Amino acid sequence: MAADTETSFLTKVPEEMIQIDDAPKTPYWTKVKGYLRKDALMYLILVGIVVGFGVGFGVRQLNPSKDAIMWMGIAGELFMRSLRLMILPLIVCCLISGTASLDPKSNGKISLTTFIYIVSTNALGSAVGVVLGVAIRPGVGTTSAERVNTTDSMETQDIFADLLRNIVPDNMVEATFKQVITKYSREIIHTVRNTTNGTVIDSLVVVSKSLAKVDSVNVLGLIVICTALGVATNSVKEKGDVVLRFFVGFTEIAFVIMRKIFWFAPIGIGSLIASAIAGITDITEAFSRLGLFVLTILVGLLIYSLIVLPLILFVLTRRNPFAFIISIVRACLMAFATSSSAAAIPDMLIACEEKNHIDKRVTRFVIPLCATLNRDGSALYVACASVFVGQMMLGSISVTEAFVIWILTSVGSLAMPPVPSSGLVTLIIILTSLGIPSDGISLLFAIDWLMDRFRTYCNIISHTFCAAVTYQFCKKDLAQIDQADSHQKNQIA
């Protein structure tokens, strides 16, 4: 009877269930290896950063020569050159293929949403910097040991005039390697006068302005050109399909090359960080004098990137902001290591499209535009640094001066000039506009290499959040376009 019961039970059990029970389970270490293999590059970049800091601080004790530091950083220099080689083609192809895939209505809505986000977050970043600077007062009690010559600083009106000129370039090809900038030339004119007391020589300094072109990619101009080409390609319908397919294909080719280049990132990043730290001679003195200022900036960036921006993302999209930040860790690491938002564009695109399922037509327009205009992390730094220098030179900052700093930084962050340490150049412009002596600003150069990395990582979070917010507001329009295209194809079939 028992045997019959067992037999009848087995006959009722599906064969698949018996096979599943007998199937071997995946070993734990196999799962761990799978996870490590999936994010191997990110872990290798982390190792490269740690090794770079260790080697840099270790070599500093040996007082290396400039040649030794140069060879220490040669791998990082080659890595950055290879990234710059592919970034421009990638930006151009992404913008043209992205805008060509949208109708004019969607293009306008995406552009407007992106621009509103950029202006708003730049203003928010500036506000956080001003508030923390006034509240913590990092410049009170700090004295300046050096003076800097600010006579060559650019005037505010020329900064914005150059911005407009670069938005509309006069040569499409030249925009890939030249930018317009206002140059100043000073001429001293001596005049001789005879007086009753003898001969007097008067000296008059005449300042003249002229337009010059500097070696730098005019990204803003290229964005305008590529957007116009994309919209025009869309407007000619089937006649532009060949052009669209070319740029879509070239985008995928550029991604393949960039993925190969990224496997050299751990070595290049370690080399960049090691050479940067080994070349600093007064790092202990700089941090002892500016410790409270550095702490204020770091607290501000943490508050802004982990509280303000996540709150914006959650309220507008109902996405989990911290899961989103985890998905872009590799892009943040790339930005921290290279101090460049542009270098992290491929990683941002991959994270937004593959991990967060944002439409390519949105990401390939929004991300390059944000990398050019969205500098809320930099705005926070410049605003707080303006308050810091004002407190250091005047003792305190009034409410009116704090408000003016916020306005100038919010607007000025959209028009930072194409020169090295552009944040510090913008800082000089703001201080000059307020009549605050800019003595002591040279202290900030000692820590700018580190602060630049932290504010760039903050910019990356904002760029990717902008793509998510824009996609949320344009999702229905994109779905309608897809439905219309599908309906049209069915009718043709």
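Is C352 buried or exposed? I looked up its accessibility and noted that C352 counts as buried, at 0% relative accessibility. I record at the outset that this is a predicted model.

**Entry 1: the chain as a whole**

I began with the overall figures. The chain has 493 residues, and 46% of them count as buried. Its secondary structure comes to 20 helices and two strands.

**Entry 2: cysteines**

How many disulfides does the structure hold? I found zero disulfides. A disulfide is a covalent bond between the sulfur atoms of two cysteines. I checked C352, whose closest cysteine sulfur belongs to C370. The two sulfurs are 9.6 Å apart, which is too far for a bond, because a disulfide needs the sulfur atoms within 2.5 Å. I next checked C458, for which the closest cysteine sulfur is that of C332, at 9.2 Å, again too far for a bond. C458 is buried, with a relative accessible area of 0%.

**Entry 3: aromatic pairs**

A pair of aromatic rings is described by the distance of the centres and the angle of the planes. I counted eight aromatic pairs in the structure. I examined F324 and F465, whose ring centres are 5.3 Å apart and whose planes stand at 80°, so the pair is edge-to-face. Which parts does this pair tie together? F324 lies in helix α13 (residues 321-327) and F465 in helix α20 (residues 442-492), so the pair joins parts that are 141 residues apart in sequence. F324 is buried at 2% relative accessibility, and F465 is buried at 1%.

I then turned to F336 and F454, which form an edge-to-face aromatic pair with 5.3 Å from centre to centre and 70° between the planes. This pair links distant parts of the chain, since F336 is in helix α14 (residues 329-338) and F454 in helix α20, 118 residues apart. F336 is buried, with a relative accessible area of 14%, whereas F454 counts as partly exposed at 24%. The cut-off explains these labels, because buried means under 20% relative accessible area.

I also noted one aromatic cluster, formed by F246, F247 and F250.

**Entry 4: charges over rings**

Where does the charged end of R455 sit? I found it over the ring of Y381, 4.2 Å from the ring centre. I looked up R318 as well, and it lies over the face of F314, at 5.4 Å from the centre of that ring.

Methods. Residues numbered from 1 in each chain as written. Predicted model: local features only at pLDDT ≥ 70, side-chain atom pairs only at ≥ 80, totals over all residues. Heavy atoms only, no water. Buried < 20%, exposed > 50% of the residue type's maximum accessible area, 1.4 Å probe, protein only. Phe/Tyr/Trp six-rings, centres within 6.5 Å; stacked < 30°, edge-to-face > 60°. Helix = DSSP H or I, 4+ residues; strand = E, 2+ residues; numbered from the N terminus. Lys NZ or Arg CZ within 6 Å of the ring centre and 35° of its normal.
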